[in-house]
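I opened this entry to look up charged pairs. My notes follow the structure.

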Amino acid sequence: MINNKGQTLVIFAVFLPLLLIIMATVIDVSLMYYEKNKLDNINLMVIEYGIDHLEENDLEIKLKELIKENDKEIKMDNITINDNKITIIISKSTKSTFGKIIGIENYKITSKYIGIINKEKKEIKKG
């Protein structure tokens, strides 16, 4: 019989770094999706407020304040207010935790929602 103890150790040593890289990638992508979900929730809350207060004059300023109150790291890309329609696009750059190993320093996350009042009914859709 042949002794297989050394073969198992070699296989373990070869696949351990691969397993660690896969686990780190899963953790990094999960954190990115968590931040995306937070950004979507903030955008949804702000657009609901905007639709309820469309008649106000300084609505765009209030929407920007509301966004900054919830997350100071959000960069506003675009807020468009028409007669019965509001479009909000916000983005945020989050630092990579384990992506630095392969050269990814930051993830850019973007959220776009469109709110429309159609025949006295609110419609909010992801853009």
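**Salt bridges around K92**

I started with E35, which forms a salt bridge with K92, the closest N and O atoms being 2.9 Å apart. E35 sits in helix α1 (residues 5–52) and K92 in strand β2, so this pair ties together parts that are 57 residues apart in sequence. I keep in mind that the model is predicted.

K92 has a relative accessible area of 6%, under the 20% limit, so it counts as buried.

Beyond its neighbours within four places in sequence, K92 is in contact with E35, L39, D71, E73, I74, Y107, K108 and I109. A network of salt bridges links E35, K38, D71, E73 and K92.

**Other pairs**

How many salt bridges does the whole structure hold? My search gave nine.

I noted the one between K126 and D40, at 2.9 Å from N to O. K126 lies in strand β4 (residues 121–126) and D40 in helix α1, so the pair ties together parts that are 86 residues apart in sequence. D40 counts as buried, at 7% relative accessibility.

I also noted E60 with K64, whose closest N and O atoms are 3.7 Å apart. Both lie in helix α2 (residues 59–70), four residues apart, about one turn of the helix. E60 is partly exposed at 35% relative accessibility. K64 is partly exposed, with a relative accessible area of 35%.

How values were computed:
Residues are numbered from 1 along each chain as its sequence is written. This is a predicted model: local features need pLDDT of at least 70, side-chain atom pairs count only at pLDDT 80 or more; totals for chains, interfaces and linings use all residues. Side-chain values use heavy atoms; hydrogens and water are left out. Buried means under 20% relative accessible area, exposed over 50%, partly exposed in between (1.4 Å probe, protein chains only). Contact means heavy atoms within 4.5 Å. A salt bridge is a side-chain nitrogen of Lys or Arg within 4 Å of a carboxyl oxygen of Asp or Glu. Helices (H or I, at least four residues) and strands (E, at least two) are DSSP runs, numbered from the N terminus.
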